[in-house]
Amino acid sequence: MEKKELLDLIIIGGGPAGLTAGMYASRSKMNVLMLEKMMPGGNVSITAEVENYPGTPNITGPDLVDLMEKQAREFGLEIKSEEVLNIEPGAGTEGHHVKTDTNEYYAKSVLVVSGSSPRKIGCVGESEHLGRGVSYCATCDGAFFREKEIAVVGGGDSAVEEALYLTKFASKVTIIHRRDKLRATKVIQDKAFKHPKIDFIWDTVVEGIESEKMIVDNLKLKNVKTNEITNLKVQGIFVFVGYIPATSFVPGIVDKDQAGFIKTDMEMRTNLPGIFAAGDIIVKKQRQIITACGDAATAIKSIEFYNEWFYEDEQYI
Ligand SMILES: Cc1cc2nc3c(=O)[nH]c(=O)nc-3n(C[C@H](O)[C@H](O)[C@H](O)COP(=O)(O)OP(=O)(O)OC[C@H]3O[C@@H](n4cnc5c(N)ncnc54)[C@H](O)[C@@H]3O)c2cc1C
């Protein structure tokens, strides 16, 4: 059988982390390939406006990632439109074996930057109003809701923390939770209970997100104990009911946390030699464009070091 080319690096995912890694790796003259199952850009492609990426004020998400892709390609990054289905670890021998829907590749190192997607409520009107009053990111979109009344869905740490953050902008924040008590850490709960701008609606789920002119103006709510349906007039709804990491193709022996996010050290190494991860897919607190790009830059330095010094080291086989 013909021996396959051994690449220095395969990058799985073409969001901000992948594109940054691609730029750094190509600029370092690594033999690198990026595999992206859709168009490059990741979650930023569905972000109407990005206000918090330094040096690019008033830029749309698609424009920002177009610039990132262009910059990476200028250094020679090759991007293939393929979905990765499986990685078979093979450090120190023929390399890690990456299988996609149409092809297979071998590389000394693999960088997993496949991101995660916010878990949706799954109610009527949710996807139609994305970017029109429905948001999954307070840091990203909070400033668009100055002096507006909004709702936050969820009862964990991130829902309550984000609700507190949103009080900087909104005139009123109503937390809607399906249970009769919060799961969030006690100290965060106390802050929320004392906050003059925060109200709670308990034992309740959102059944529908409605509007007259395609900008959210009403939520249809259902009390899960009484089945009573009520309406809540708001101009925005922020959903924090968890994230779903894209790790179906990652070997089971790679360490993950309970929610399925990949554990790395500060150099973006996983527990498997030659398999690295960065961006939204890893266990961390702040999932943002700038942190994804920062992780990716760190990962490339770490990968260069591993490929140069450790790839053929017996102890890693
Ligand atoms: C609606 C929304 C608005 C946001 N707004 C902002 C903002 O204003 N500012 C900010 O800083 N952050 C914002 N964020 C967060 C930001 O988008 C993420 O932190 C960032 O995109 C993470 O980058 P990433 O490259 O790690 O992952 P992603 O952007 O999720 O990219 C992962 C990529 O991997 C690909 N992929 C997944 N599985 C496979 C596979 N099996 N094979 C091949 N490819 C695969 C996906 O198609 C995707 O392109 C927002 C997020 C959302 C959801």
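Two strands count as paired when DSSP finds at least two bridges between them. Helices (H or I, at least four residues) and strands (E, at least two) are DSSP runs, numbered from the N terminus. What you're looking at is a predicted model, so local features need pLDDT of at least 70, side-chain atom pairs count only at pLDDT 80 or more, and totals for chains, interfaces and linings use all residues. Residues are numbered from 1 along each chain as its sequence is written.

View 1. Zoom in on strand 10 and strand 17 (residues 236-239): they run parallel and are joined by two bridges. In strand 17, Phe-238 is the bridge partner of Ser-135. (Axes are lines fitted to C-alpha atoms, for helices over the stretch in contact, and angles run from 0 to 180 degrees between N-to-C directions. Contact means that the C-beta atoms of two residues, placed from the backbone, lie within 7 Å.)

View 2

**View 3. The hairpin of strand 15 and strand 16.** Strand 15 (residues 218-223) pairs with strand 16 in the antiparallel sense over four bridges. Follow the partners across: Lys-220 is bridged to Asn-231, and Leu-221 stands opposite Thr-230. Five residues lie between the two strands, and in the turn Asn-227 has a positive phi of about 65°.

**View 4. Helix 1 crossing helix 6.** The axes of helix 1 (residues 16-27) and helix 6 (residues 289-309) come within 8 Å and cross at roughly 35°. The crossing is right-handed, meaning that the near helix is turned clockwise from the far one by less than a right angle. Helix 1 brings residues including Ala-17, Ala-21 and Tyr-24 to the contact, while helix 6 brings Ala-292, Cys-293 and Ile-300, among others. Sorted by type, the contact residues are 12 nonpolar, one polar and one charged. (Ala, Val, Leu, Ile, Met, Phe, Trp, Tyr, Cys and Pro count as nonpolar, Asp, Glu, Lys and Arg as charged, and the others, Gly among them, as polar.)

**View 5. The shell around the ligand.** Count 36 residues around the ligand, with Gly-13, Gly-15, Gly-42, Gly-115 and Gly-279 the closest. (A residue belongs here if its C-beta atom, placed from the backbone, lies within 6 Å of the molecule.) Helix 1 and helix 6 are the elements that give two or more residues to this shell. Its residues divide into 19 nonpolar, 12 polar and five charged. Both domain 1 (6-117 + 243-316) and domain 2 (134-239) supply at least three residues each.

Terms used. Domains from an automatic or database assignment.
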